[in-house]
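Subject: The structure I promised you

Hi there,

Here is the structure I said I would pass on to you. Please open it next to this email and look up each place as you read.

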Amino acid sequence: MDINNKTIWITGASSGIGLELCRQLASKGARIILSARRRELLLEVAASLPGGLDRHWVVPLDLANSDNLGGIVQSSLADIGPVHILINNGGISQRSLFIDTDLSVYRQLMEVNYLGTVAMTKALLPGMVAQGQGMVVSVSSVAGKIGSKLRTGYSGSKFAVVGFMDCLRAETAEHGIQCLTVCPGSIQTNIAINALNEHGAAQNKNDDSILNGMSVEKCVQGIVKAMLNNNDEVVVGKGLSAIAPTIKRFFPALFNKISAKMEYR
Ligand SMILES: NC(=O)c1ccc[n+]([C@@H]2O[C@H](COP(=O)([O-])OP(=O)(O)OC[C@H]3O[C@@H](n4cnc5c(N)ncnc54)[C@H](OP(=O)(O)O)[C@@H]3O)[C@@H](O)[C@H]2O)c1
């Protein structure tokens, strides 16, 4: 799909992959609706994009409150007009062993990563169907394709996003809607710092895998390329994190052995 003059709603626009998506897509002529919880940060980002706050909008929201998202979207659409592309990017990760982790952490991960995605899509898809075209992009993860230690809740929520998108793609093809699932490997953002510990607090420290991961600029170049090419799914990353889904697919027993041997402490 062409990007120029398209209106693109991006969640998780205050940081990392979402922030870089705003930059790269705005530089290709898109008008961006920026969403996340931190309003001041979103305003700063929007003001820094070409055309600034005259061209782009800020709509703060909390993906954990999925029941409220439909109302927030509807009241914004009256001012903004039709949305052509939705990018469900906002999300939160986890670093804790299943045996130690409170049930509330699983609920929070599903609310933000999965139900937030479903609710935003539910709010914006009818407009796309009415236009006879549109695109839904959901940022899952390599952890939505394979399992590894410390991520039982995160992986569960991201596998759910992959399944949701596969079904949505099948249902919406006849309406001219493109559905792209993005599975990043390790990307240099704040994802590990913000990842939840066993009690649902941010772990507040980085991981070597993220520090040595792909740059966010290169990751977003891969996502934008997949959007322009109307791809159904794309894995973006480097090293083991990029090839892990292929190893798991063709050599599942080998992959499971490697995964069980990985150090995590
Ligand atoms: N970096 C990686 O290695 C990696 C790998 C695979 C997949 N991903 C996925 O990529 C997406 C973007 O993450 P990132 O790497 O860019 O991490 P990040 O730098 O921590 O950014 C996360 C974004 O999500 C927003 N967010 C978090 N909780 C939210 C909530 N309850 N409501 C609304 N917005 C919320 C944050 O904004 P506020 O805090 O302002 O709300 C922020 O803008 C996530 O879905 C993540 O799972 C990342």
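A word you will need first: a residue is called buried when its relative accessible area is under 20%. The model is a predicted one, so please keep that in mind throughout.

Let's begin with Gly 12. You will find Gly 12 in the loop between β1 and α1. Is Gly 12 buried or exposed? Its relative accessible area is 15%, which is under the 20% limit, so Gly 12 is buried.

**Around the ligand**

Next, please turn to the ligand. There are 31 residues around it, and those that come nearest are Ser 15, Arg 37, Arg 38, Tyr 154 and Thr 189. By class, this shell holds 13 nonpolar, 14 polar and 4 charged residues.

In the side chain of Ser 14, an N or O atom is 2.8 Å from an oxygen atom of the ligand. For Arg 38, the distance from a side-chain N or O atom to a ligand oxygen is 2.7 Å. For Thr 189, an N or O atom of the side chain is 2.6 Å from an oxygen atom of the ligand.

How much of the ligand does the protein bury? Taken alone, the ligand exposes 880 Å², and the protein buries 96% of that. The elements that give two or more residues to the shell are α1 (16-27), α6 (152-172) and α7 (191-194).

Which element gives the most? That is α10, with 6 residues. Sorted by class, the lining has 4 nonpolar residues, 1 polar residue and 4 charged ones.

Gly 153 sits in helix α6. With a relative accessible area of 5%, Gly 153 is under the 20% limit and therefore buried. From Gly 153 to Asp 102 there are 51 residues in sequence, while the C-alpha atoms are 10 Å apart in space.

Val 142 is in the loop between β5 (134-139) and α6. Its relative accessible area is 6%, so Val 142 also falls under the limit and is buried.

Val 139 belongs to strand β5. At 8% relative accessibility, Val 139 counts as buried. Val 139 and Phe 164 are 25 residues apart in sequence, and from C-alpha to C-alpha they are 12 Å apart in space.

**Two asparagines with a positive phi**

Asn 5 is not a glycine, although it has a positive phi of about 65°. You will find Asn 5 in the segment before β1 (7-11).

The other one is Asn 204, where phi is near 60°, a positive value in a residue other than glycine. Asn 204 lies in the loop between α7 and α8 (208-211). Is Asn 204 buried or exposed? A residue counts as exposed over 50%, and Asn 204 has 61% relative accessibility, so Asn 204 is exposed.

Enjoy exploring, and write back with any questions.

Best wishes

Methods. Residues are numbered from 1 along each chain as its sequence is written. This is a predicted model: local features need pLDDT of at least 70, side-chain atom pairs count only at pLDDT 80 or more; totals for chains, interfaces and linings use all residues. Side-chain values use heavy atoms; hydrogens and water are left out. Helices (H or I, at least four residues) and strands (E, at least two) are DSSP runs, numbered from the N terminus. Ala, Val, Leu, Ile, Met, Phe, Trp, Tyr, Cys and Pro count as nonpolar, Asp, Glu, Lys and Arg as charged, and the others, Gly among them, as polar. A residue is near a molecule or strand if one of its heavy atoms lies within 4 Å of it. A polar contact is a pair of N or O atoms within 3.5 Å; within protein, one must be able to donate a hydrogen and the other to accept it, and residues adjacent in sequence count only if both atoms are side-chain atoms. Accessible areas come from the Shrake-Rupley method with a 1.4 Å probe; for residues, only the protein chains shown count as cover. Buried means under 20% relative accessible area, exposed over 50%, partly exposed in between (1.4 Å probe, protein chains only).
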